[in-house]
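User: I'm new to this one. Can you walk me through it?

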Amino acid sequence: MSVELVEVVRSGFRECIHRGSLVVLDPRGEVIVSLGEVHTPVYPRSSNKPLQATAMLRLGFAPRNTAELAIATASHEGESDHIELVEELLAYSGFGEDALQCPADLPGNELARAEVLAAGRAPRPAYMNCSGKHAAMLATCAVNNWPTANYLDSAHPLQRAVVETILDLTGDIEETDLGIDGCGLPIVPVPLINLAHAYSRLATADPDTPEHAVADAIREHPFLISGSGKDDLRLIQAVPGLVCKAGADGIHAGALPNGSAFAFKIDDGHERARLPLTAAVLTRLGIAVDEKLAALASQPVLGGGARVGTVRAVPGVF
């Protein structure tokens, strides 16, 4: 059963509770915190993207720079830097935007979306937050001379190889029926404890391995994997060396350079629980609490435009 992880306090009154499940590993991979259903498979959603990018590198995907690799792992906000990278990656691989099979969307970033709407432009697949991953998948198909019209199909050789890599990185889990993610790609259910182990492998991988390359690209380009003001950008800027990736509906996973790692799922999927809970986990793992981390650990609750409360990890939860 899930447990209370994050609370919302307004004017001294406990207004809301976010329940969920959480696992934290030490550098040896031993469990130091286990709350809720950490052995029950969940859909990792976009926390899968670094694992999918690792699979693509193993298959011959050859980004020209770390920025292109970062955009392959991204849940981007559709800002100009994101879209330019997606377009460049497509063009370099011999594709146009019409080859993308992710849904057309508007940018997630409010300013970028307003600019698109003000210019009278329509939703585009490139604006969709997963378009970098899809562009990288097309590039991987091109390298292997695989067809692209059906690259979303779970029977496609690319998707079969992605599943094999995810099973390898996450460890001892049984292959189960696949789901369909929000962008249309197959998704493997993974228990939180296995997801945390996978991130530990990314963070501690040997140089010259695909895992190491993915981790370094995320560390180097936190803006590209997320966007202005987003959780992963703020966390990686606050904690150098952290590798982390948010997923939709309350998923988050990450690891430090020493291999300590975490993964959690918020039952109600609310994003406001992510920052304070991750900040509390990082403190539990020995990260010193400076001004940046303290600000992430206590998110403001506003009343009349003034701060009247906080969103924070439940005191004493671990």
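**Strands, helices and pockets**

Analyst: Strand β1 (residues 3-10) and strand β2 (residues 13-25) run antiparallel, joined by 7 bridges. Strands pair if DSSP finds at least two bridges between them. Strands (E, at least two residues) and helices (H or I, at least four) are DSSP runs, numbered from the N terminus. This is a predicted model: local features need pLDDT of at least 70, side-chain atom pairs count only at pLDDT 80 or more, and totals for chains, interfaces and linings use all residues. Residues are numbered from 1 along each chain as its sequence is written, and side-chain values use heavy atoms, with hydrogens and water left out.

User: Which residue stands opposite valine 8 in β2?

Analyst: Cysteine 16 does. β1 and β2 form a hairpin with 2 residues between them. Serine 11 in that turn has a positive phi of about 55°.

User: How many bridges pair β1 with β12?

Analyst: There are 5, in the antiparallel sense. Arginine 10 has glycine 309 in β12 as its bridge partner.

User: And what stands opposite glycine 309 on the β11 side?

Analyst: Valine 301 stands opposite glycine 309. β11 (residues 299-303) and β12 (residues 306-313) pair over 5 bridges, again antiparallel. They form a hairpin with 2 residues between them. Glycine 304 in the turn has a positive phi of about 65°.

User: Switching to helices. At what angle do α1 and α7 cross?

Analyst: Roughly 50°, and their axes come within 11 Å. α1 covers residues 49-58 and α7 covers residues 192-204. Axes are lines fitted to C-alpha atoms, for helices over the stretch in contact, and angles run from 0 to 180 degrees between N-to-C directions. That angle makes α1 oblique to α7. Under 35 degrees counts as roughly parallel, over 145 as roughly antiparallel, 65 to 115 as roughly perpendicular and the rest as oblique.

User: Left-handed or right-handed, that crossing of α1 and α7?

Analyst: Left-handed. That term applies if the near helix is turned anticlockwise from the far one by less than a right angle; clockwise is right-handed.

User: What about α10 and α11?

Analyst: They pack at an angle of about 25°, with axes 10 Å apart. α10 and α11 are therefore roughly parallel to each other. α10 passes α11 in a right-handed crossing.

User: How much space is in the largest pocket?

Analyst: About 630 Å³. On a 1 Å grid over the protein atoms alone, a cavity is a set of points where a 1.4 Å probe fits but cannot get out, and a pocket is an open set with protein on both sides within 12 Å along at least five of seven lines; lining residues have an atom within 4 Å of a point. Points are joined across faces, edges and corners, and a volume is the space filled by probe spheres set on them.
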